[in-house]
Amino acid sequence: MTELRTERLLLRRWRESDLEPWAAMNADPDVREHLGDPLTRPQSDAVMARMRADFAERDFGWWALEVRATGAFIGRVGLDVVGDDMPFAGVDIGWRLTRSAWGHGYATEAARACLTFGFDVLGLPEVLASTTVGNVRSQSVMRRIGMTRNPADDFEDPSVPEGPLRRCVLYRTSAGPRPVSPRPAGGRPAG
């Protein structure tokens, strides 16, 4: 499995030791504010199992996110194939960080590494990102990594019940000149 390194972060394979902090993060109502109800431990464990299986099948997906200086688990970041139930298709980028990791630029740094991997290693022509209309923090990260929004692409998430989390925005970015980002460490060569 490919690991990515940035100046401060390691995007790595999931470990059994991540189960507890992953579950704690998914049980935090602030972290889940734009995602839906907090997850139970069995639900959180099942999500991790799916992420691991998807990564093993495709050699990309959701990486566990770790601070290199401390080894602390701070969330997940990655690329995922958009589900068939969505009104658009492609590969989506996303992130979810523990509350203690907010405001340090980690999401932006990790997302840039994912974009570089997606474009340079996977050869993707475009990467998408979506979030709820009210999730201005994630939308700020999307803009910082060079993504743009066309309001005509906004949509209602069919997997979400009626309510404030159903209306979503869609951002896009295409392959091409990108800000300099770290190359994957130990992964397949670019090109």
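# Notebook: strands, a helix and some rings

**Entry 1: strand E4.** I started with strand E4 (residues 73–81): 8 of its 9 residues are buried, so the strand is largely enclosed by the rest of the structure. For my own reference, buried means under 20% relative accessible area, exposed over 50%, and partly exposed in between, with a 1.4 Å probe and protein chains only. Helices (H or I, at least four residues) and strands (E, at least two) are DSSP runs, numbered from the N terminus.

A note on what I'm looking at: this is a predicted model, where local features need pLDDT of at least 70, side-chain atom pairs count only at pLDDT 80 or more, and totals for chains, interfaces and linings use all residues. Residues are numbered from 1 along each chain as its sequence is written, and side-chain values use heavy atoms, with hydrogens and water left out.

**Entry 2: the partners of E4.** Which strands does E4 pair with? I count two strands as paired if DSSP finds at least two bridges between them. Strand E3 (residues 62–67) runs antiparallel to E4, and 5 bridges join them. The hairpin of E3 and E4 has 5 residues between the strands, and in it glycine 71 takes a positive phi near 80°.

Strand E5 (residues 91–97) also pairs with E4 in the antiparallel sense, over 7 bridges. In that pairing I found aspartate 80 standing opposite aspartate 92 in E5. A reminder to myself: in a regular strand the side chains alternate between the two faces of the sheet.

**Entry 3: helix H2.** Next I checked the length of helix H2 (residues 41–58). At 1.5 Å a residue its 18 residues should span 26 Å, and the end C-alpha atoms are 26 Å apart, which agrees. The expected span is 1.5 Å times one less than the number of residues.

Which residues of H2 are buried? I get Ser44, Val47, Met48, Met51 and Phe55. Looking down the axis of H2, I see these buried residues fall within an arc of 95°, so they line one face of the helix. The arc is taken from the directions from the helix axis to the C-beta atoms. The background is that an α-helix has 3.6 residues a turn, so residues three or four places apart point the same way.

What do the buried residues of H2 pack against? They pack against helix H1 (19–26), E3 and E4, with contact meaning heavy atoms within 4.5 Å. On the face turned away from the buried side, I noted the exposed residues Pro42, Arg50, Ala56 and Glu57. After H2 comes aspartate 59, which has a positive phi, near 65°.

**Entry 4: leucine 19.** I picked leucine 19 in helix H1. Is it buried or exposed? At 15% relative accessibility, leucine 19 counts as buried. Leaving out residues up to four places away in sequence, leucine 19 touches Arg41, Asp45 and Met48. I also checked leucine 19 against alanine 72: they are 53 residues apart along the chain, and their C-alpha atoms are separated by 13 Å.

**Entry 5: aromatic rings.** Rings of Phe, Tyr and Trp (its six-membered ring) pair if their centres lie within 6.5 Å; planes under 30 degrees apart count as stacked, over 60 as edge-to-face and the rest as tilted. By this rule I get 5 aromatic pairs. One of them joins tryptophan 14 and tryptophan 22, edge-to-face, at 5.1 Å centre to centre with 70° between the planes. Tryptophan 14 counts as buried at 5% relative accessibility, and tryptophan 22 counts as buried at 0%.

Phenylalanine 55 and tryptophan 63 form an edge-to-face pair too, 5.2 Å centre to centre and 70° between the planes. Phenylalanine 55 is buried at 3% relative accessibility, and tryptophan 63 is buried with a relative accessible area of 0%. I also noted a cluster in which ring pairs link Trp14, Trp22 and Phe73.

**Entry 6: arginines over rings.** A charge sits over a ring if NZ of Lys or CZ of Arg is within 6 Å of the ring centre and within 35 degrees of the ring normal. Arginine 76 lies over the face of tryptophan 62, at 3.8 Å from the ring centre. Arginine 58 lies over the face of phenylalanine 60, at 4.8 Å from the ring centre.

**Entry 7: strand E9.** Last, I turned to strand E9 (residues 167–174), which pairs with strand E6 (residues 126–132) in the antiparallel sense over 7 bridges. Threonine 132 stands opposite cysteine 168 in E9.
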